[in-house]
Amino acid sequence: VAAVEEAARSEGWVLVGDTSWTGYETVPRDITTAYATIFSEAVEQLREAHGVAPSHVFLQAGVGSFAAGGVAYCRSVLPQPPRFVVVEPTEAACVLENVQASADGSLLCAGSVESVSAGLNCGVTAYKTAWPLLRDLCSGFVALGDGWALAAVRELHEKGVESGESGCCGYAALMAARGEEALREQLGLGEDAVVLVVSTEGATDPEFYKQVIGGSGGSPQGDGFSPDLEPETVI
């Protein structure tokens, strides 16, 4: 990001991105606001098709702007605000680690920032825009090993949904909670829960996607990914 910022400055380019830092806040805030369109459509369709509103929203996070857009929209329009749960890869859990450390959002994550969920491998939050919303309004923070993302890709494929290794991470956390009573209790997931998850991408790496749904699960970047299936949580 620093290299792109420097190149934009030296070349006179307009920098458009959803992460933020001191002095670069307007564009990321606009993009975060635009993400709310996804949640507007999802909430409307839930109401029209099933007559319900979400009790929980599981939100995958890289820098956190997509998640913050969902939080902002749902908090502003739903009479009963849902519980928001942020989901990250264990090796790039910058939101979770800033919560753990009571930091200001600019703390770099301690992980390798190398996970199978490439779109979430960011390492630091959009601390001038998204971070305050996530810190103050989310009630759960979950970090998952790569095995959960791969399992979610496969299960969604079986259900007829093509979702990539980053796009599926909200659903991956739901899978983890489904199989672990303690996690369900921590997140307040009862039998009547209505959980909204959003697949934010399709098969961005078609060849790897074929490997995953075929069961090989091999990483396109080598063997440096953790197969850990234990979720780490902060509530």
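**Exercise 1. Determine which element gives the most to the lining of the largest cavity in this predicted model, and characterise that lining.**

Solution. β2 gives the most, with three residues. The elements that contribute two or more residues are β2 (83–89), α6 (146–158) and α7 (169–178). The lining consists of Val87, Glu88, Pro89, Ser115, Ser117, Leu144, Gly145, Asp146, Ala149, Cys169 and Ala172. By class, these residues divide into six nonpolar, three polar and two charged. The volume of the largest cavity is about 60 Å³, and the structure holds one cavity of 30 Å³ or more.

**Exercise 2. Decide whether Cys94 is in a disulfide or in none, and whether it is buried or exposed.**

Solution. A disulfide is a covalent bond between the sulfur atoms of two cysteines. The criterion applied here is a pair of cysteine sulfur atoms within 2.5 Å. The cysteine sulfur nearest to that of Cys94 belongs to Cys109 and is 6.1 Å away, and Cys94 is in no disulfide. Cys109 is likewise in no disulfide, its nearest cysteine sulfur being that of Cys94. A search of the whole structure finds zero disulfides. Cys94 counts as buried because its relative accessibility is 0%. Cys109, with a relative accessible area of 10%, is buried.

Key
Residues numbered from 1 in each chain as written. Predicted model: local features only at pLDDT ≥ 70, side-chain atom pairs only at ≥ 80, totals over all residues. Heavy atoms only, no water. 1 Å grid on protein atoms, 1.4 Å probe; cavity = no way out; pocket = protein on both sides within 12 Å on 5 of 7 lines; lining within 4 Å. Points joined across faces, edges and corners; volume = space filled by probe spheres on them. Helix = DSSP H or I, 4+ residues; strand = E, 2+ residues; numbered from the N terminus. Nonpolar A, V, L, I, M, F, W, Y, C, P; charged D, E, K, R; others polar. Buried < 20%, exposed > 50% of the residue type's maximum accessible area, 1.4 Å probe, protein only.
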